[in-house]
Amino acid sequence: MANQRDIKNRISSIKNTRKITSTMEMVSTAKMKKMQQRLEMSMPANLKINEIISNLMGTGVAALEHPLFREVADPSRILILTITGNRGLCGSFNSNVIDNSVNFRDKLVDEGKDVLNYVIGKKGINYFKFINVPVYKSIPNPEDKMNSDSAAKLSDELRELFLTGEVHEVYISYTKVVSSTSQQPEIIRLLPISPDSYSGKDPVKETEITEYIYEPSVGRVFFYLLPLYLRIKIFSCFLESAFSEQFARRVAMKNATDASDDMIRGLTISYNRARQAKITNEIAEIVGGAAALG
Amino acid sequence: MIRKIDCSILTPEKTLYEGSVGFAVVQAHNGEMGFLYNHAPLVSELGIGEIRLRDENKTDYLVIEGGIVEIRQNKMIILAENAYTKDELNTAEIEKRLKEIDDMQFAPFSKEKYLVKIEEQKLKARLKVAMR
């Protein structure tokens, strides 16, 4: 049986850990709230651009001829953009995204395709290094510093790669926010843009398509919108991932804090038992000694 | 009857402006475009320039750097790539950056020169709004 001092040391070390985890829980709760706000603020633009684009699609413009829609018959060079976090201690957040990407990559490689990995976030970079898979390009996750400008830069880079024929398809692997309590890793195709990725979301809308005047012309407006659409898409993927990361970290830290509470309770009981046993033992010795003398 | 347009200006990051205005002027792709009550449904590409939102005796100024405007049933929505309200702009900072750009040297027809030219345009538009 562990002695009193050992148990006491363990209790105090767990108490210290608990302090850290409960602080981290509070920090990520605050960060999560902030990300949620940003996510909500970015929603109107996201919805609006989808609406305008589906309206445009309704006009029957020959938009599908735009190079961003161009499907390659046999896509052989594929880029996967994996968005992970910079830090761990957030449960299975990073490993879920990475697993998803790696499985997807393996599948494509089996089909004999060339896969370029574009990795964002230190956790992802380290993992790819660990499994010895070459990375096309990697940058740390910009986290709080992510703004629409950096999303624009990234989307322009990807668009350029696609338009020059360097890659035939671009996928994003990120963590989608299904609701504020449920997130799941997902892979979506960014390029070429699939016409059904935004149209037909709301079939009721079909009947109320308004006849707009387009300035300078339908085609110009449409072509102008597409890059903007990509930027907004990438930006929202980043925001969703960042929100999910904080959410996952909060949950992980809450679990850790709860677990340490349980451990402290259990250890305190064994500490008291050990103490009581020692006292009982001493009394027995004294009584035994007194009896021997008497 | 109130003859006003509901106006909202969205950027990818947030909703920058929301309110009803009597008269709105935006920088379209090739000049300014004004909107009054009962405008026909329209979608237009926007350029780099200022937005004036006039309501009774007050005018709000914003700067917009590309985007799109949609008006329908007296609801105007501006979807901007980037936009700032007048209060967000700092005249001294813009002038400093403009000066820096002025001193830069580029090879003719280079990509850098083109990019800087665009930045200069944006800065000039910002300055114009900031000085209002």
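Tutor: Let's begin with a naming rule: helices (H or I, at least four residues) and strands (E, at least two) are DSSP runs, numbered from the N terminus. This is a predicted model, where local features need pLDDT of at least 70 and side-chain atom pairs pLDDT 80 or more, while totals for chains, interfaces and linings use all residues. Residues are numbered from 1 along each chain as its sequence is written, and chains are lettered from A and ligands numbered from 1 in the order in which they are written.

Student: What makes up chain A, and in which order do its elements run?

Tutor: Chain A has five helices and six strands. Read from the N terminus, they go α-β-α-β-α-β-α-β-β-β-α.

Student: Why is chain A called more spread out than a compact globule?

Tutor: The radius of gyration, taken over C-alpha atoms, is set against the globule rule of 2.2 Å times the number of residues to the power 0.38. For 294 residues that rule gives 19 Å, and chain A comes out at 28 Å, well over it, so the chain is more spread out than a compact globule. Along the principal axes, the C-alpha atoms of chain A fill a box of roughly 115 × 45 × 30 Å.

Student: What makes E3 and E5 of chain A edge strands?

Tutor: Two strands pair if DSSP finds at least two bridges between them. The open sheet has five strands in the order E3-E2-E1-E4-E5 (chain A), with mixed pairing. E3 and strand E5 (182-191) each pair on one side only, which makes them the edges.

Student: How do you know that E2(A) and E3(A) pair?

Tutor: Three bridges join them, and they run parallel; with at least two needed, they count as a pair. One bridge links Tyr118(A) with Lys137(A) in E3(A).

Student: Which strands does helix H4 of chain A lie across, and at what angle to E5(A)?

Tutor: H4 (residues 148-163) lies across E1, strand E4 (169-179) and E5 of chain A, at about 45° to E5(A). Axes here are lines fitted to C-alpha atoms, for helices over the stretch in contact, with angles from 0 to 180 degrees between N-to-C directions. H5(A) also packs on the sheet, touching E1, E4 and E5 of chain A, and its direction makes about 50° with that of E4(A).

Student: What makes a residue of H3(A) buried, and which ones are?

Tutor: Buried needs 20 or more other C-beta atoms within 10 Å of the residue's own (exposed is 12 or fewer, partly exposed lies in between; C-beta atoms are placed from the backbone). In H3 (residues 122-130), Lys123(A), Gly124(A), Ile125(A), Tyr127(A) and Phe128(A) are buried. They pack against strand E1 (77-83), helix H2 (93-110), strand E2 (114-120) and strand E3 (137-139) of chain A. Over chain A, 33% of the 294 residues count as buried.

Student: How many residues take part where chain A touches chain B?

Tutor: Contact means that C-beta atoms, placed from the backbone, lie within 7 Å. The contact takes 24 residues from chain A and 20 residues from chain B. H5(A) gives the most to chain A's side, with eight residues.

Student: Which strands of the two chains pair, and in which sense?

Tutor: E6(A) and E5(B) pair in the parallel sense over three bridges. In one of these, Glu215(A) has Ser44(B) as its partner in E5(B).

Terms used: Contact = placed C-beta atoms within 7 Å.
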